[in-house]
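Trainee: I would like to learn how to read helix packing and domain contacts. Can we go through an example?

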Amino acid sequence: MPTLAMRVMRMVDDPSVSGRDLERVISLDPVIMGEILKLANSALYSPKFPITSLRHAVSYLGLEVVKNLVMMISLKSMVLGDEDPAVEEFLKGLWVHSAASAIVSRFIADSSSSPLDKEDAFVCGLFHDVGKLLMTKFSPQEYMPIVERVKKGEGGFVEVEQEEFGIDHCMAGAVVMEAWEMPSHIVHMVKQHHIKSEHPMTACLALANLFCATWGYSVTPLEIEIMVFPWATQVLSLDGDQWEELSQNAKMQIEEAKEILDI
Ligand SMILES: [Fe+2]
Ligand SMILES: [Fe+2]
């Protein structure tokens, strides 16, 4: 994780840190600053008046949201860019999936009757497949054949990764996130995100993955993601009408954020 993102993460966890302190650190990187202003003005956060300064963005969004946006921008800059066009295309697809999952998970958490923190859901959605991003980025020769096997229907990512790598993307992601000193409850959710537990956050992530696969923001075939439907809707107590409404509204959220996020 880039140094600035790590610094911002630690600062926001420290109760003595103020918005001004955060603003001073973020303003060291004009690219991140510009991206935050773009996101703050997007339909995702729909301000009543245009947000024109970082100070305004921090006071409107709050420290936690600004931190999450810094993580999102940093993750993108960290993983994109590879000389091999096939690897770059797959990384771009994964980035789009991660950003879309963050938006949809936040929306599901906000709309659900389950006690889910929407900013936690955003971070879980953003990082749930970070293991895939990093395995592709740092071992493309080993990881791209896994992608081919999944495409051919030889299994889901988790089982093919375990066969080929001896570790799946859930565990790999969790190990790296621990090294980045990310909050333990988020790391736990990433580690568990393909397990059908009773925890509403895993159901939220599974539904976000299903929505993303339905609308083409995924690298996983829809027939694999659809299998979570009965379990995840039951854990989140969603009936057919609520599901349909959530699906349409979540789709709109991604469409509105598409240009801003470059997805
Ligand atoms: Fe996953
Ligand atoms: Fe995913």
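Trainee: Is the crossing in which α6 passes α7 left-handed or right-handed?

Mentor: This is a predicted model. In it, α6 passes α7 in a right-handed crossing.

Trainee: What describes two packed helices?

Mentor: Two packed helices are described by the angle between their axes and the distance between those axes. Here, the axes of α6 (residues 85–111) and α7 (residues 118–127) come within 7 Å and cross at roughly 155°. Angles over 145 degrees count as roughly antiparallel, so α6 is roughly antiparallel to α7.

Trainee: Which residues of α6 and α7 make the contact?

Mentor: On α6, they include Ser-98, Ala-102, Ser-105 and Ile-108; on α7, Ala-121, Phe-122 and Gly-125 are among them. By class, the contact of α6 with α7 has eight nonpolar, four polar and three charged residues.

Trainee: Now the domains. Where does the domain assignment place them?

Mentor: The assignment gives domain 1 as 1–79 and domain 2 as 83–263. Their C-alpha centres lie 23 Å apart. In the contact, 15 residues of domain 1 meet 16 residues of domain 2.

Trainee: Which helix gives the most to the side of domain 1 that touches domain 2?

Mentor: α5 gives the most, with eight residues. Both α3 (30–40) and α5 (63–79) supply at least two residues each to that side. By class, the side has ten nonpolar, two polar and three charged residues.

Methods: Residues numbered from 1 in each chain as written. Chains lettered and ligands numbered in written order. Predicted model: local features only at pLDDT ≥ 70, side-chain atom pairs only at ≥ 80, totals over all residues. Domains from an automatic or database assignment. Contact = placed C-beta atoms within 7 Å. Helix = DSSP H or I, 4+ residues; strand = E, 2+ residues; numbered from the N terminus. Nonpolar A, V, L, I, M, F, W, Y, C, P; charged D, E, K, R; others polar. Axes fitted to C-alpha atoms, helices over the stretch in contact; angles between N-to-C directions. Parallel < 35°, antiparallel > 145°, perpendicular 65-115°, else oblique. Left-handed = near helix turned anticlockwise from the far one by under 90°.
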